[in-house]
Amino acid sequence: MWFVAGDEFASGPVVDAVFPIYEQVIPAAPSGQVTFAMEDLTSAVAALSPRRDTGITFRFERLLDRVALSVDDGDGGLAQTTVAASYEGALPERLGLNARYLRDLLGALGDERTVTVQVSGELDPVRVDSSGMAAVVMPMRV
């Protein structure tokens, strides 16, 4: 497969595989969810990991109505910020997501005002909903 746009050329192999039915991949019954203002979450993720493919740790601080986000650079450096959030249901203590995947997903949601992250367990697929669109991000150990 290949694409040409002006002076740019991109090519890649065609994936010949059997993919699961998407309903089987998207978690249906989360144990809890967190809702963020889209702009706040997008800004926090971009500030913590602007270009790197690092893991962002989400620590749920339910009593304070916020989520603490942090990135460990692997050399002992830790960057942190918090984002206001509203909670429903049961959540794990923390959750790790790949920063690049999360940035790409939030960018694809466009001009949405809020984004809801539905979580079951620390290592279970995470469902992200906004205005009728559902996406899945696989967690990572952090």
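In this predicted model, Phe 36 touches Leu 41, Phe 58, Val 67, Val 83, Ala 84, Ala 85, Arg 113, Thr 114, Val 115 and Val 117, leaving aside residues up to four places away in sequence. Phe 36 also belongs to the largest nonpolar core, which has 30 residues. Phe 36, Leu 41, Phe 58, Val 67, Leu 69, Leu 106 and Val 115 have the most contacts inside that core. Helix H2 (residues 38-48) supplies the largest share of the core, namely five residues. In soluble globular proteins, nonpolar side chains tend to be buried together.

**The sheet**

Which strands form the open sheet, and in what order? Four strands take part, in the order S6-S5-S4-S8, with antiparallel pairing. Strand S6 (78-84) and S8 are the edge strands, each pairing on one side only. From one strand to the next, the twist averages 25°.

| Strand pair | Bridges | Direction |
|---|---|---|
| S4 and S5 | Six bridges | antiparallel |
| S4 and S8 | Five bridges | antiparallel |

Ile 56 stands opposite Val 71 in S5. On the S8 side, Arg 59 has Arg 94 as its bridge partner. Although S8 is an edge strand, S8 (residues 94-98) is mostly covered, with four of its five residues buried. In a regular strand the side chains alternate between the two faces of the sheet.

**Helices against the sheet**

H2 lies across S4, S5 and S6, and runs at about 175° to S6. Helix H3 (residues 99-108) packs on the sheet as well, touching S4 and S8. The direction of H3 makes about 80° with that of S8.

Is Asp 65 buried, partly exposed or exposed? Asp 65 has a relative accessible area of 46%. Because this value falls between the limits of 20% for buried and 50% for exposed, Asp 65 counts as partly exposed.

Notes: Residues are numbered from 1 along each chain as its sequence is written. This is a predicted model: local features need pLDDT of at least 70, side-chain atom pairs count only at pLDDT 80 or more; totals for chains, interfaces and linings use all residues. Side-chain values use heavy atoms; hydrogens and water are left out. A nonpolar core is a set of buried Ala, Val, Leu, Ile, Met, Phe, Trp, Tyr and Cys residues joined through side-chain atoms within 4.5 Å. Buried means under 20% relative accessible area, exposed over 50%, partly exposed in between (1.4 Å probe, protein chains only). Helices (H or I, at least four residues) and strands (E, at least two) are DSSP runs, numbered from the N terminus. Contact means heavy atoms within 4.5 Å. Two strands pair if DSSP finds at least two bridges between them. Axes are lines fitted to C-alpha atoms, for helices over the stretch in contact, and angles run from 0 to 180 degrees between N-to-C directions.
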